[in-house]
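Hello,

Here is the structure I promised to pass on to you. Please open it and keep it beside you while you read my notes.

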Amino acid sequence: MEISSILHPDCVVCAVQGSSKKRILELISQVASQHLVEVDQATILASLSGREKMGCTGIGGGIALPHGRIKGLESALAVLVTCQPPVQYDALDNMPVDIFFAILVPEEKAQEHLETLSAIAKKFCDKDILSRLRSATTDQELFQVIS
């Protein structure tokens, strides 16, 4: 799976000052809603927040993969956000998170959802990519590193 098939340049936000997990999820929802005409921001936030209630999506190492399935969504969409300073996120390793890769998929495409999460997780195992993501200073640079 090519990340560029679900991540668009206008869905990347570099070095935001996120103050909390809630604020980051709100930002992700806002960015996604500007790209998705068929789904509103509240629906996106509810999906992401609902998934977090089932278990935190912070996978450790300063990375979180918030995700949700959304009824009425036509195709998968990703949003990439980095923040400075990192925010507390209840991650598996209890470390704060500074890289958020959110994935939204159509409700009926559970298998696509799992495959996308797996592909992203593998990409984030690459220490060079993580270093370049963390040192990016513009949205465009961040997009170039991940795509």
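At roughly what angle do the axes of helix α1 and helix α2 cross? Bear in mind as you look that this is a predicted model. The crossing angle is roughly 140 degrees, and the two axes come within 8 Å. Helix α1 covers residues 21-35 and helix α2 covers residues 41-54. With that angle, α1 counts as oblique to α2, because only angles over 145 degrees are called roughly antiparallel. The crossing of α1 past α2 is right-handed.

Next, the cysteines. There are zero disulfides in the structure. C14, for one, is in no disulfide, as the nearest cysteine sulfur belongs to C83 and is 11 Å away. C14 is buried, with a relative accessible area of 11%. C125, on the other hand, is exposed, at 61% relative accessibility. The closest cysteine sulfur to that of C125 is in C56, and 17 Å is too far for a bond.

Finally, have a look at S147, in the segment after α5 (139-146). S147 is partly exposed, because its relative accessible area of 39% falls between the 20% and 50% cut-offs. A polar atom of the S147 side chain lies 2.7 Å from the backbone oxygen of F143. S147 and L7 are 140 residues apart along the chain, yet 7.8 Å separates their C-alpha atoms.

Happy exploring!

Conventions:
Residues numbered from 1 in each chain as written. Predicted model: local features only at pLDDT ≥ 70, side-chain atom pairs only at ≥ 80, totals over all residues. Heavy atoms only, no water. Helix = DSSP H or I, 4+ residues; strand = E, 2+ residues; numbered from the N terminus. Buried < 20%, exposed > 50% of the residue type's maximum accessible area, 1.4 Å probe, protein only. Polar contact = N/O pair within 3.5 Å; in protein donor to acceptor, adjacent residues only side chain to side chain. Disulfide = S-S within 2.5 Å. Axes fitted to C-alpha atoms, helices over the stretch in contact; angles between N-to-C directions. Parallel < 35°, antiparallel > 145°, perpendicular 65-115°, else oblique. Left-handed = near helix turned anticlockwise from the far one by under 90°.
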